Amino acid sequence: MASNGQLSLWENFIESIAQVMSLMLTDEDTEKVLTSFTVLQSKLRQLSVDNLNKMAIDPSVPILCKHKGTCKQNCGKSILRSFIVTYTLKYALGLVPNLINGKVFKDPSLLKKLGGRDTTSFALFMSTFISSYKGILCFLRYARSKNDPWNSFIAGSLSGISILLDSNKSRRVMIALYLSTRTLHFIFRWFWRHKLYKIFEPFKKRNAIIEEDIKEIKAVPPIRQERISTLVRQQMGSSQTIPTKKSESVGGFEELEDVDDKQHTHHPWRIRLRHALGTLTMMFASSQILHAYICESDTLNKSYLSFLITHGGIRDMMGRDARTYLDLIGATFNVSKTHETSKFILNSSKHLTDRIPKGYDVGRMLPFEKTITNHPQEFILCALQHPNHATCIGGASHAFKLEWMRALKLYGPLNIVMAVAFGGKRLLKDPKKSLLYLILSTIRSCLFLTCYVTAAWAMTCLFRKLRGRDEPWMYYVNGLVAGSMVMIEQPKRRLELGLYCLPRAIESLWNTFVAQGYVKHLRYGESIYFSLATGVLMTLYQCDPGSIHEGYFYLEDLCCSYRKFLYRCFGVN
């Protein structure tokens with residue numbers, strides 16, 4: 001009956017149009033118009049029938065994909081949307097600093113350069129990676145007629161090759177290393193959830209948990225923990241029932257439901273292991289980084305090396321000649337570790353050439369002669385490390401003072417921006433408590449970085465005094481000591497800092513092996529381990545999303561989470 005009513009309305013509409021047109025057109029023209037309307041009506045009917053046939057569900061054909069719309073629509077929307085979003089974010093990240101420092105107003109051509117090849121290639125990589133994963137996953141499901149973890153692994157691995165579309169090699173390597181180390185972290189979480197938890201469960205204190213663990217549990221708002229929908233589990237055909245809470249909408253997006261069990265997240269032994277692993281990761285990563293910083297600075301990433309030169313104090317001391325001065329320190333050390341002595345020759349001469357032992361490159365030191373001979377020193381490298389102070393203690397104290405100011409300039413604005421951008425509701429609700437937390441957090445972070453830098457320089461002076469010369473192991477052990485300063489930071493931030501430094505250390509170590517001839521450089525090799533990492537990561541995302549870390553920074557109106565990021569990129573598939 002409803003369809004007959006709609007048809008009658010359509011016919012009455014056609015008749016009304018015909019009456020109006022009859023006053024303006026001849027009978028022949030009117031007939032052509034009415035004929036075209038009849039043809040349009042038949043085409044609309046046919047399209048409606050075809051659409052209903054597509055929407056019809058055949059119970060004999062299994063539905064393997066859980067995304068909305070058809071597979072083609074899912075891939076098409078993702079490639080266009082991800083390209084626009086990535087391009088806009090990359091452009092904005094480059095534009096904001098130039099607006100703050102005023103470079104855009106001095107050179108308007110920067111507006112065009114920021115949206116050039118670098119931004120376009122990165123956006124193309126991200127859009128291709130996301131859309132190709134979705135497309136390959138859908139294809140494998142229907143080609144293999146089943147939904148198992150191998151589909152996710154193959155799709156993730158093949159889509160990872162798209163990283164080669166990014167024209168910036170340094171960024172490709174860093175993304176690949178960062179994702180690989182993060183995936184190792186998620187694998188360990190999976191191993192805990194399915195293997196280690198049963199081993200450590202008998203040792204769990206059921207009646208009393210240490211005070212530190214209680215504080216950490218209370219510090220994590222359970223409502224704001226990352227929520228992964230049961231639909232994600234159902235994608236792999238899982239019949240496991242998971243108690244979930246009603247999903248909330250944050251920022252216009254539907255939140256996924258939680259699948260991470262509290263006993264896994266808050267197990268006291270897991271908390272202890274996480275804190276210990278964070279400290280150890282930071283120590284060993286710092287050991288390689290600080291050794292490379294002095295001895296093989298070319299093996300470090302250029303932007304990260306620039307960061308180390310700034311916070312190491314050499315840039316403040318030497319200005320534009322900071323990199324040249326750092327290379328001089330490295331060259332001097334490389335000679336001293338095989339030389340009989342690393343001390344100045346004791347004589348009454350004030351000329352540097354008369355006080356340097358044979359074998360050292362005096363010619364590289366002459367441009368900095370006034371700096372090196374500013375104060376009498378026993379060791380050559382002490383004169384290079386703290387030329388403005390005659391004693392190592394004075395140099396360490398001066399380094400502590402200067403680095404504290406540099407750290408304050410780094411963490412102060414960063415924490416303020418994070419608090420305003422992501423903790424706005426908490427700031428308005430309880431401003432005193434929020435400001436106190438912000439101040440204490442900033443002081444703690446500044447103290448960590450200051451002690452890190454001070455220990456890195458002071459320990460080499462101490463070892464040099466004890467041994468009477470410079471030896472290679474000193475520049476590894478000072479990294480271990482400096483890395484242990486991460487214990488000053490909040491326990492929940494230690495692993496984050498360690499995983500931030502680990503990719504830099506791995507890259508430096510690999511470049512060292514290449515330079516020494518132990519391994520050969522493999523062109524586009526970053527695509528190999530990136531593909532393997534994405535294969536494992538997407539398998540975890542599809543099959544066991546609770547193994548993907550929910551993030552450390554819990555704020556009242558936003559939870560910064562890796563699972564949330566993956567959900568925003570890949571959705572429910």
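Helices (H or I, at least four residues) and strands (E, at least two) are DSSP runs, numbered from the N terminus. With that in hand, welcome to a short tour: helix H22 (residues 474-483) is where Asn 478 lies. This is a predicted model, in which local features need pLDDT of at least 70 and side-chain atom pairs count only at pLDDT 80 or more, while totals for chains, interfaces and linings use all residues. Residues are numbered from 1 along each chain as its sequence is written, and side-chain values use heavy atoms, with hydrogens and water left out.

**Asn 478**
- Asn 478 is buried, with a relative accessible area of 3% (buried means under 20%, exposed over 50% and partly exposed in between, with a 1.4 Å probe and protein chains only).
- Leaving aside neighbours within four places in sequence, Asn 478 is in contact with Leu 290, Ala 456, Met 459, Thr 460 and Phe 463 (contact means heavy atoms within 4.5 Å).

**Aromatic pairs**
- The structure holds 15 aromatic pairs (rings of Phe, Tyr and Trp, the last by its six-membered ring, pair if their centres lie within 6.5 Å; planes under 30 degrees apart count as stacked, over 60 as edge-to-face and the rest as tilted).
- The pair of Phe 129 and Phe 530 is tilted, because the ring centres are 5.9 Å apart and the planes stand at 55 degrees.
- Phe 129 lies in helix H6 (residues 117-144) and Phe 530 in helix H24 (residues 526-543), so this pair ties together parts that are 401 residues apart in sequence.
- Phe 129 counts as buried at 9% relative accessibility, and Phe 530 is buried too, at 3%.
- Tyr 293 and Trp 457 make an edge-to-face pair, 6.3 Å centre to centre with 65 degrees between the planes.
- Tyr 293 lies in helix H12 (residues 268-295) and Trp 457 in helix H21 (residues 431-467), so the pair ties together parts that are 164 residues apart in sequence.
- Phe 122, Phe 125, Phe 129 and Phe 530 form one aromatic cluster.

**Arg 504 and its rings**
- The charged end of Arg 504 sits over the ring of Tyr 500, 4.1 Å from its centre (this requires NZ of Lys or CZ of Arg within 6 Å of the ring centre and within 35 degrees of the ring normal).
- Arg 504 also lies over the face of Tyr 304, at 5.5 Å from the ring centre.

**Helix H3**
- Buried residues of H3 include Asn 74, Cys 75 and Ser 78.
- Among the elements covering the buried residues of H3 are helix H4 (103-106), helix H5 (110-114) and H6.
- Just after H3, Gly 102 takes a positive phi of about 80 degrees.
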